[in-house]
Amino acid sequence: MTVLDVMTTQLRACEEKLSSIQDYKENELTDLYRLAEEAINAMKAEQDAIEATLPQLADKERHGAMERLSRIDLMESNAKSVQDKLTQLHAHTGELCDLLEPQTTRLKHLETQIQYFQLLLEVETLSARAKPSAGSNGDIDALVAMAALNQSLSTHFGMDVSFQLNLRSLIKQRMAFLAVELQAFHTNALDVSIDALRWPQVIADTDLASNAVEVFRDKFTALVQVQLAVASVTAEGVESELSDLWAMQRLLQPLVRRFHFHFDTHVKTNDVSKPEWYLTHVVEVLRGHILFLESVVRPALARGLVESSAATRSNNTDGVALFIHGLLQPVCAKLKQSLPILVLNKALLCHTVDEVVDFEWKLRQEFQYRRPPRVPSQKTLLVLDQVAANAAALDLWLQVDLEYAQNFTLGFLRDEADVAWTTVADDDAKVTRAAYAIAATFDVLSKRFQVLSDPTHRYTYVAQVLKPWLYQCHVAIERFGQSQPVMSQPLVTTAPPSSCWRAACAAVNTAWFVQQLLREHDEVKAFVELLPIAKVTLHQASIVPLKLKQTVAGLSKSVLNHPLLETQEAKNVTHGLLGQGSLVLPTAAFSAAYSVGSTLFRSLQRPKESVVEVVRAVEDGAELDERESDTYTLDGSIFQNEWTWFQAGVQSMEEVLVAASSAAIRAQWGQYHTSPRWTEPAAVDRIVPDVSPEFTGGVALFRHHLVFAHASLNPSSFEVYWKALSKELDGHVLAIVLQLKAMSKNGRLQFTHDVHAVTLVLRPYTSRPDAYVRRLFHLSHQDHRSMWLDTWPFMMQVYVGW
């Protein structure tokens with residue numbers, strides 16, 4: 001710390017002490033003055049010393065600044081000199097680059113040529129090694145190496161593609177030349193090994209490890225390598241050859257020859273009315289050779305794919321699937337050749353389709369056959385696709401399937417009604433035999449279209465067979481349920497339930513089961529895959545009438561052709577409905593149509609009566625004919641409309657049951673409002689209170705209806721039934737009570753006991769029965785004060801409003 005700092009501190013201490021003195025004493029002030037004076041003198045001496053050294057310090061700083069300025073000037077002159085040298089060097093460097101650039105370019109070109117000639121030499125070397133000669137069978141590894149070299153050419157020569165094209169052309173020529181001799185040699189070798197196996201004789205399990213099988217496996221793999229190596233240098237690539245493997249053709253040749261002899265020549269087995277003969281023949285051939293195919297052919301093909309460097313591109317290729325695919329080609333040709341005759345005979349076509357569908361499912365279930373994924377789809381049409389590809393055959397097939405499904409289902413429901421509407425024993429869901437028959441038919445129809453490879457054909461089958469058939473089932477079930485005279489034949493406690501009540505419950509259970517079935521199948525993969533194709537469809541009203549669907553237009557053809565619909569506004573609405581949004585869900589299509597803001601679309605959304613008025617105003621004499629008009633509908637999920645129909649049918653039949661039960665029970669309570677117990681005096685003392693005599697019959701019938709419904713309805717419908725019936729009776733009894741003009745204290749107690757009897761009826765089905773007769777329960781538990789009678793009109797207003 002400097003002297004100046006010490007003196008400054010001392011002065012501040014004096015000031016603080018001076019300010020703290022309250023009683024001034026002469027000695028203390030003298031000491032403070034002395035100390036302050038000493039501090040000021042010391043500070044003045046310090047100031048004089050500093051001022052004495054300032055001129056010297058200023059001279060020293062001025063001298064240092066001059067030296068720095070001189071160094072800066074020197075550095076600036078040096079930098080200028082370096083800049084001049086760099087400019088000169090840059091000029092020399094540019095001249096040198098101009099001289100070296102042609103030589104560098106030529107050097108790079110020479111290096112590229114050297115690389116080209118090296119690869120060219122490698123191609124010629126591999127070609128010489130791969131070529132068969134008198135003393136050599138050729139080197140397949142060299143051929144595969146040449147194919148791999150062709151694939152790696154894109155990493156050579158940089159941007160210069162001319163060398164690549166030359167080498168690719170040369171390799172392609174060399175491999176095409178080599179393929180002729182290699183194919184002939186290895187095909188002959190494979191034929192010899194096949195003859196040694198006595199093919200197509202069935203090979204026993206014990207012979208699979210024989211030397212002849214090992215030789216066949218090696219020859220098969222070698223021929224696959226040759227073909228795939230040659231195919232890899234072509235523009236089509238390896239995938240184009242997988243369906244026509246030379247090795248597989250040699251293996252299939254005797255089997256195909258045998259098939260043609262039996263079913264394409266003038267022999268007794270060539271019978272167009274017996275498609276099961278040639279289909280069974282193919283199945284038996286596969287059963288006899290499946291073990292050989294799985295243990296020998298499949299690993300041989302996989303080895304050929306790996307060693308030919310094609311495994312990464314064809315890792316899903318299966319030897320057994322390719323064998324079955326090759327064996328199906330004569331079957332497809334046979335069926336295609338027979339179709340002109342089959343379409344002339346409906347029964348014969350139906351029989352053929354049945355056999356083909358059964359054959360296709362055998363291939364999938366017994367041999368796990370799937371279409372080879374890497375083979376072009378046009379080369380792997382399934383057998384049933386031949387029928388779908390023929391427009392006349394497809395239309396006849398769909399017509400026959402629809403007629404069969406409708407005749408079978410409706411005939412079963414009509415001709416065997418005594419059995420069809422009975423419940424299967426030990427079934428908690430109370431499912432009827434009619435429901436199981438519909439489910440079985442649905443399963444059969446679903447399997448018939450799933451083997452088609454084209455999704456458009458699959459959706460066509462769903463739209464033209466499944467959907468119309470489901471609508472007919474819905475109509476038959478609802479018509480049967482609504483035809484039961486449950487209103488005129490009510491349940492009574494003194495007699496067993498009439499058959500009409502059991503039939504009505506069976507109809508409810510059947511419709512409910514089919515609804516659940518369709519909801520579940522909406523999430524099945526086979527139907528979910530068809531959603532992108534489920535766009536706006538056109539249904540004839542006579543086939544599938546619009547019910548519970550969103551109506552877009554229900555006008556006659558004369559109105560649909562009206563000039564109003566040709567305006568740009570109407571076209572915008574049509575585009576919104578039929579555009580891209582309709583490919584996913586109808587909601588998107590309707591949103592697009594509403595976004596147009598068309599008054600025309602809004603007018604078409606009016607009720608049918610208003611639509612008729614619009615038609616009559618526009619065109620006199622035009623009439624709505626639903627049997628001839630076209631109805632445009634939007635399909636959401638595949639079975640959204642269908643399960644909506646069944647859901648509405650279930651609701652309507654449940655409402656009929658509730659109305660019939662409610663009417664019967666209300667009839668029992670017809671004299672309840674005249675019961676003398678409402679005004680019974682307090683002098684009457686009942687030791688054991690009981691239910692009012694006028695109320696007892698209705699309560700017993702209520703219990704009887706619930707017991708019967710619980711035993712006859714499925715759990716979901718029964719829950720809806722008893723809740724709706726409880727609500728109806730709650731309101732009916734409340735209306736009776738609120739019509740009373742007087743009620744004694746005993747009457748109020750009796751009413752409470754009657755309500756309690758109703759809750760006891762509901763107790764087996766819910767833990768809170770009071771929640772379902774809520775108004776009666778609240779009214780019966782009001783405070784029984786003397787003022788209750790005075791507030792009775794007020795209570796009437798409250799509960800009537802409730």
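Reader: Why is Ile50 called partly exposed?

Author: Ile50 has 41% relative accessibility. Buried means under 20% relative accessible area and exposed over 50%, with partly exposed in between (1.4 Å probe, protein chains only). Ile50 therefore counts as partly exposed. This is a predicted model, in which local features need pLDDT of at least 70 and side-chain atom pairs count only at pLDDT 80 or more, while totals for chains, interfaces and linings use all residues. Residues are numbered from 1 along each chain as its sequence is written, and side-chain values use heavy atoms, leaving out hydrogens and water.

Reader: Where is Ile50 placed?

Author: Ile50 lies in helix α2, residues 26–130. Helices (H or I, at least four residues) are DSSP runs, numbered from the N terminus.

Reader: Why is Cys505 called buried?

Author: The relative accessibility of Cys505 is 2%, so Cys505 counts as buried. Cys97, at 44%, counts as partly exposed. Of the 802 residues of the chain, 43% count as buried.

Reader: Which residues does Trp469 touch?

Author: Not counting residues up to four places away in sequence, Trp469 touches Leu402, Ala405, Gln406, Thr409, Ile438, Thr441, Phe442 and Leu445. Contact means heavy atoms within 4.5 Å.

Note on methods:
Helix = DSSP H or I, 4+ residues; strand = E, 2+ residues; numbered from the N terminus.
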